[in-house]
Amino acid sequence: MKVALIRNFDECLNSRQVKFMQRRAGVLPHLGLCYIEAALERAGHECTTVDAQAEGLTSEELHARLSHLNPALVGITTTTPGVPGAIEAAKIAKSIGAKVILGGPHTEVFAAENLWHDCIDYVGVGEGVSIMTELADALEADEPIDQIRGLVGRGFSNMAAPMLNLEAMGWPSRKSTDLRLFHSIMAKSPFATMISSRGCPFQCSFCFKQAVDKKSMYRSAEDVVGEMTKLVQDHGVREIMFYDDVFTMKKKRVYEICDLIRKTGLKVRWEAPTRVDLVDPKMLEAMASAGCIRLRFGVESGDEDILRRMRKRADLDEIRDAIVATKAAGIQTFAYFIVGWLGESEEQYLKTLDMACSLPIDYASFYTATPLPGTQLHREAVEEGKIDGEYWQRYIRGEPVDRIDPLVAGAEARSQLAYKKFYLRMRKTPLLMRHLVNPKTFRSVASGLAILLKANSNFVRDI
Ligand code: B12
């Protein structure tokens with residue numbers, strides 16, 4: 001069967017990233033669709049992924065592309081904030097006569113709500129690799145589909161499709177989307193993303209856990225380094241970004257991966273996400289000697305009380321020690337921060353800003369606290385009357401709703417000012433110059449700087 005997979009472009013009305021940073025931060029491959037494409041091809045179906053976001057396709061161009069491909073089945077991926085763009089893509093797919101299924105991290109919370117839209121035939125909850133291969137097989141053989149695990153349709157609804165063994169899933173397909181289409185403010189192109197594990201045992205209040213991520217699962221060092229080697233040899237990749245939830249959950253596995261990289265002589269820069277309480281100087285040294293050039297830490301806040309209310313289970317000393325030890329090992333540091341948390345005072349915000357600017361942090365992002373459905377933060381925000389309990393249902397149904405109100409007045413301004421204070425500093429000049437002299441990033445960084453220069457601090461005294 002001819003299948004098309006789509007990640008559509010989206011204005012992301014409710015992005016937790018301030019507008020001027022949304023596309024500047026980068027556009028990364030959609031690994032989920034890459035895994036599904038590989039599985040459909042192994043099952044004998046003809047599959048093409050159309051990454052409208054990476055290609056910057058207009059609706060007309062997406063329509064032309066789909067008319068040309070003429071798929072019988074179209075799978076569309078989305079996060080909850082990205083639903084409007086996904087519905088737009090579904091209307092286009094429906095207009096060319098395809099069966100349409102919506103899937104991705106979004107579908108678990110409000111599966112049936114998505115069927116509000118006539119252009120959506122089915123909703124897939126959980127493991128897309130099994131849902132899409134079973135659905136394509138059944139539709140092609142004209143067999144019943146209402147028993148497929150994870151499939152929700154009009155008149156039937158099945159439990160989420162459980163997570164498949166990552167190693168058994170095989171490696172993601174890289175055939176449909178040219179890696180040069182992707183860009184990141186940090187990574188050397190061409191780069192690729194990978195996941196070496198799934199799941200995270202921690203319960204941070206802002207984090208939404210998909211059905212597929214409720215249990216942790218790890219790939220072996222052989223499987224991980226094998227895929228890294230293929231990306232370098234077959235795709236000329238110069239950098240690999242891991243998008244596990246926590247790369248260093250199992251320290252023994254990290255050492256095994258680093259040992260194997262050294263033993264095979266694989267030469268590639270790589271980076272990964274982790275937690276401040278899951279690194280130590282010895283492991284950092286092993287990672288640096290195996291090509292790890294950057295670690296991304298979920299630091300979130302510089303205030304103990306906010307960290308406690310985020311259920312981050314990490315303290316200021318752990319944050320400082322991890323960042324300093326990482327730098328000491330010669331590894332760059334990236335820190336995720338969240339500003340505008342429920343009840344965040346100016347003092348607490350200033351502590352976060354001070355931490356970001358005083359610790360040896362190379363890159364930072366300052367998201368605004370966004371109460372995504374199915375998160376503890378959402379439950380608390382509804383309880384505190386900060387967001388209407390029906391907001392996301394109305395948003396998904398496509399009713400005209402405004403952007404979510406910030407949980408703290410001026411949250412966006414706090415984020416924008418934090419980017420200004422963090423990046424417009426002497427010690428950041430070499431980084432900014434590197435991007436300014438690079439023809440690929442010059443325009444994006446120059447216009448970004450212009451916006452930052454306008455960011456002002458009149459809402460906060462003596463910054
Ligand atoms: C990598 C990543 C990113 C990357 C790349 C995005 C991408 N995937 O396209 C970047 C940094 C760009 C990103 C951005 C954002 N992200 Co993000 N991201 C992730 C992360 C860390 C890993 C996702 C991943 O690669 N998983 C591994 C692959 C193999 O699986 P998968 O993509 O989840 O897909 C599987 C299933 O979802 C399903 N599936 C997926 N698509 C489809 C389609 C069909 C038809 C079917 C049937 C099934 C299906 O099957 C797939 C295979 O198993 C997750 C955290 C997590 N643990 O999931 C957050 C996560 C998905 N992101 C999230 C969010 C909110 C965002 C942003 C909206 C944040 C913002 N700015 O406000 C933006 C949106 C950007 C955009 N415009 O699309 C939330 C989504 C929550 C929700 N309710 O939707 C998550 C879960 C983080 C969290 N814990 O809260 N993200």
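This is a predicted model: local features need pLDDT of at least 70, side-chain atom pairs count only at pLDDT 80 or more; totals for chains, interfaces and linings use all residues.
Residues are numbered from 1 along each chain as its sequence is written, and side-chain values use heavy atoms, with hydrogens and water left out. The protein's domain assignment gives domain 1 (2-157) and domain 2 (186-369 + 406-462); such bounds come from an automatic or database assignment.

**Where the domains meet**

- The C-alpha centres of domain 1 and domain 2 sit 28 Å apart.
- Domain 1 puts 18 residues into the contact and domain 2 puts in 28 residues, with contact meaning heavy atoms within 4.5 Å.
- Between them, domain 1 and domain 2 bury about 1900 Å², 61% of it on carbon and sulfur atoms. Buried area here is the accessible area (1.4 Å probe) that two parts lose on being put together, summed over both.
- Arg-16, Phe-20 and Arg-24 supply 31% of the area that domain 1 buries against domain 2, more than any other three residues.

- Glu-127 pairs with Arg-198 in a salt bridge, with the closest N and O atoms 3.1 Å apart.
- Helix H1 (19-22) and helix H2 (31-42) each give at least two residues to the side of domain 1 that touches domain 2. Helices (H or I, at least four residues) and strands (E, at least two) are DSSP runs, numbered from the N terminus.

**A look at Thr-80**

- Thr-80 belongs to the loop between strand E4 (73-77) and helix H5 (83-95).
- Thr-80 counts as buried because its relative accessibility is 9%; buried means under 20% relative accessible area, exposed over 50%, and partly exposed in between (1.4 Å probe, protein chains only).
- Leaving out residues up to four places away in sequence, Thr-80 touches His-106, Pro-373, Trp-392 and Tyr-395.

**Helix H13**

- In helix H13 (residues 376-383), the buried residues are Gln-376, Leu-377, His-378, Glu-380 and Ala-381.
- Those buried residues of H13 pack against helix H14 (391-396).
- Just after H13 comes Gly-385, with a positive phi of about 70 degrees.

How values were computed. A salt bridge is a side-chain nitrogen of Lys or Arg within 4 Å of a carboxyl oxygen of Asp or Glu.
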